Amino acid sequence: MSRQRSARSAALGLTVRRIPTTIPSRGGGPLRRRLVVGLLVLASLVLISLSFRADGSGPLSGVESAGATALRPFAVGFERVAQPFRDVYGWADSLLSARSEAEELRAEVRELRQREIQSAFALQENVYLRRLLDYADGPRFPADFDPVVAEVIGRPAGAFTQAIVVAAGSKSGVRVNDSVVTADGLVGVVTRVTSGTARVQLLTDEEAAASAIDIRTGATGIVRHARGTRETLVLDRVRKQDVVRAGNEVVTAGWRAGSLSSLYPKGIPIGKVTSVGQTDTDLWQQVQVDPYVDFGSLDAVLVLVPTERRR
Amino acid sequence: MTAAAWLRGSAVVFVAALLQVVIVSSLVVAGGAPDLLLVVVVVLALLRGSIPGAVLGFIGGVVVDLVTLGTLGVTSLILTLAGFWAGRYGETTGRDRRFAPVIAVGTITVLAGAFGYVLHYLLDEEVVAAHALVTALAPAFVWNILLALPIHALVRAIVGEGERVELAPEVEVLAG
């Protein structure tokens, strides 16, 4: 084609000149490009396979643990820097969501404006931690467990998991399947542990569930996340003959059958029943539960470590 | 891409990954949060090309998976492909288009959401499609679109753009 054009240009006596314009040249050769992306995809797939099969042991777990430990100071540092911004965000968010309490919020805004910002943040943190400590020292705290106070340092991105990462790990005695609570109630369960951090699956995760009991009527069921909502729970598997009413308090059942026992200790508050419904075709009642814990604003939590493990 | 540019790019991705995990993920508005790391990877790929995009996406994904103790490789795979695709778009049809960052970020947000859903489904993790693909993805899409141009300007100021050395295929015909 170009040869034809050259011949035609020569025949017509025309001069052809390349225009030295510039355009980006960042892609590298096609082969190199495919090779790099192919290797990266392969590396990702290998990591997924190894990580998925590791189950807490093997060489990759060591690498993961070392990596998480190395990154932990950065995460903690970012958390400290980000805390005031998150508090400001939480404050603004609560303003938007609480229109009905406009007068109270205006008073709160006036009050907050008068305070010096740093002292306000410190005060909030103190109050939160004091509540945790009061709870840990109080009669409501489950017997046979020691509290490990852990700061929340990360929240996995995306809509696929409901989990947090806390700054306490196996060095503090934390193990997989340890329960996690706040002064308000049940938060979730530890699903992965490194030496200095642990991942906590929240009760609002699709895969989380806890056996629970209505403390007023004794009706039992399984608390799990209500599909299609963000932070609503349902008390599932409640028999139709059991009486459950709106306003009743739901706590963990903490069952034991031989050598098997529930992950969660008995009597940890979960939430309050907001509605009860049933249809003729359903085998169970439909009980909605509003959790006591605000899963979106967790700053610190208590990991329940069995006392016998610490001896 | 020079060693200094790689270093700056890696630093930007590292900071974005930590910011994403520590603070941005919790900024939930209308059911979804922005994906700062995805936006940064896409913008870096547009500015520096497909290979840096893929490599920096991989690095960012590994950091996120390590910090959150998630299944290692999942985020890397998503961000590697996102970076590569954005880089190719920047090298071809998106070249010199003013709104290329917005178009690339918007498209890749949707594709990454769908791919992430499929990936988690394949890994036997329970994910509700309506939540992952609508309730959370729609606000994340809006957030990411809003962030695209400011982040593009910021990252370009830090990392700069790729070299421009290739000759164009056009010719000029001079009569006589």
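Predicted model: local features only at pLDDT ≥ 70, side-chain atom pairs only at ≥ 80, totals over all residues.
Residues are numbered from 1 along each chain as its sequence is written, and chains are lettered from A in the order in which they are written. Local features need pLDDT of at least 70, and side-chain atom pairs count only at pLDDT 80 or more, with heavy atoms used for side-chain values.

Pairing here takes at least two DSSP bridges between two strands. Strands β10 (residues 233-239) and β15 (residues 284-291) of chain A share 5 bridges, and A:Arg239 has A:Trp284 as its bridge partner in β15(A).

Over in chain B, helices (DSSP H or I runs of at least four residues) α2 (residues 36-48) and α4 (residues 74-91) have axes that come within 7 Å and cross at roughly 35°. Those axes are lines fitted to C-alpha atoms over the stretch in contact, with angles running from 0 to 180 degrees between N-to-C directions. Contact means heavy atoms within 4.5 Å; residues of α2(B) that meet α4(B) include B:Leu37, B:Val41 and B:Ala45.

| Residue | Phi |
|---|---|
| A:Asn177 | about 80° |
| B:Leu69 | near 55° |

A:Asn177 sits in the loop between β4 and β5 of chain A and is partly exposed at 40% relative accessibility. B:Leu69, in the loop between α3 and α4 of chain B, is buried at 4%. Buried means under 20% relative accessible area, exposed over 50%, and partly exposed in between, using a 1.4 Å probe and protein chains only.

Technical notes: Helix = DSSP H or I, 4+ residues; strand = E, 2+ residues; numbered from the N terminus.
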